[in-house]
Amino acid sequence: PGWNINWFSADSGVSTPTPTATSPITTTTSTPTQTPTTTPTGAVNLALGKAVTVSSIENSSLGGANAVDGSTGTRWSSAFSDPQWLYVDLEALTSITRVVLKWEVAYGRSYQIQVSDDGSAWTTVYSTTTGDGGTDDLGVSGTGRYVRMYGTARGTAWGYSLWEFEIY
């Protein structure tokens, strides 16, 4: 009695935009300006601020750079069709052990995480056909300059939409 302790805020400040249909735009590349951040365990998110190439965007405010800007208030969203993909250029061959996908309401039911040395020949390091949205924290093992989420089946009628695409 008399104590009022708030352990966390109920308002995260993140809203879920309603998707709107637009004509798809093919392959766009963008580069945000950020520096890598670390998780509480000290792991560096290698994707943060790197150049991103995507198969399409839903509209001009939902570009690929939003998925690597470190903010869960911005997102990449694709056209409403399959397949769709987003890849990050790590700028050098890099060994990766973990990928984190922070999905918006529109998510991938079936997708692969792939690596490539040249951005054209891809090797799958993770695959699922039972994605259910939310946050997917995936243990992977691979080396490449490029890391891609390649979606082959959407979980909703909308496109693929990521708040963040993190690579460790």
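Predicted model: local features only at pLDDT ≥ 70, side-chain atom pairs only at ≥ 80, totals over all residues.
**Exercise 1. The setting of β8**

Task: Determine how many residues of β8 are buried, and which partners β8 has in β3 and β4.

Solution. 
- Step 1. Check burial. Seven of the seven residues in β8 are buried, so the strand is mostly covered under the 20% cut-off.
- Step 2. Take β3 (residues 76-77). Two bridges join β3 to β8, and the strands run antiparallel. Ser77 stands opposite Ser161 of β8.
- Step 3. Take β4. Five bridges connect β4 and β8, again in the antiparallel sense. Here Leu101 has Phe165 in β8 as its bridge partner.

**Exercise 2. Two loop residues**

Task: Ala106 and Ser78 sit in loops. Decide for each: buried or exposed? Then list what each one touches.

Solution for Ala106.
- Step 1. Locate it. Ala106 lies in the loop between β4 and β5.
- Step 2. Apply the cut-off. Ala106 is buried because its relative accessibility is 2%, and buried means under 20%.
- Step 3. List the contacts. Not counting residues up to four places away in sequence, Ala106 touches Thr156, Trp158, Gly159, Tyr160 and Ser161.
- Step 4. Compare sequence with space. Ala106 and Tyr160 are 54 residues apart in sequence, yet their C-alpha atoms are 5.4 Å apart.

Solution for Ser78.
- Step 1. Locate it. Ser78 is in the loop between β3 and β4.
- Step 2. Apply the cut-off again. Relative accessibility is 0%, so Ser78 counts as buried.
- Step 3. List the contacts. With neighbours within four places in sequence left aside, Ser78 meets Ser56, Ile57, Glu58, Gln84, Gly159 and Tyr160.
- Step 4. The Ser78 side chain reaches the backbone nitrogen of Tyr160 at 2.8 Å.
- Step 5. Tyr160 is in contact with both Ala106 and Ser78.

**Exercise 3. Rings**

Task: State how many aromatic pairs the structure holds. Classify the pair formed by Tyr87 and Trp122.

Solution. 
- Step 1. Count. There are five aromatic pairs.
- Step 2. Classify. The ring centres of Tyr87 and Trp122 are 5.3 Å apart, and the planes stand at 55°, so this pair is tilted.
- Step 3. Tyr87 is in strand β4, while Trp122 is in the loop between β5 and β6 (123-128). The two are 35 residues apart, and the pair links distant parts of the chain.
- Step 4. Check burial. Tyr87 is buried at a relative accessible area of 15%. Trp122 also counts as buried, at 19% relative accessibility.
- Step 5. Ring pairs link Trp85, Tyr87, Trp122 and Tyr146 into a cluster.
- Step 6. The charged end of Arg98 sits over the ring of Tyr168, 4.5 Å from the ring centre.

Note on methods: Residues numbered from 1 in each chain as written. Heavy atoms only, no water. Buried < 20%, exposed > 50% of the residue type's maximum accessible area, 1.4 Å probe, protein only. Helix = DSSP H or I, 4+ residues; strand = E, 2+ residues; numbered from the N terminus. Pairing = 2+ DSSP bridges. Contact = heavy atoms within 4.5 Å. Phe/Tyr/Trp six-rings, centres within 6.5 Å; stacked < 30°, edge-to-face > 60°. Lys NZ or Arg CZ within 6 Å of the ring centre and 35° of its normal. Polar contact = N/O pair within 3.5 Å; in protein donor to acceptor, adjacent residues only side chain to side chain.
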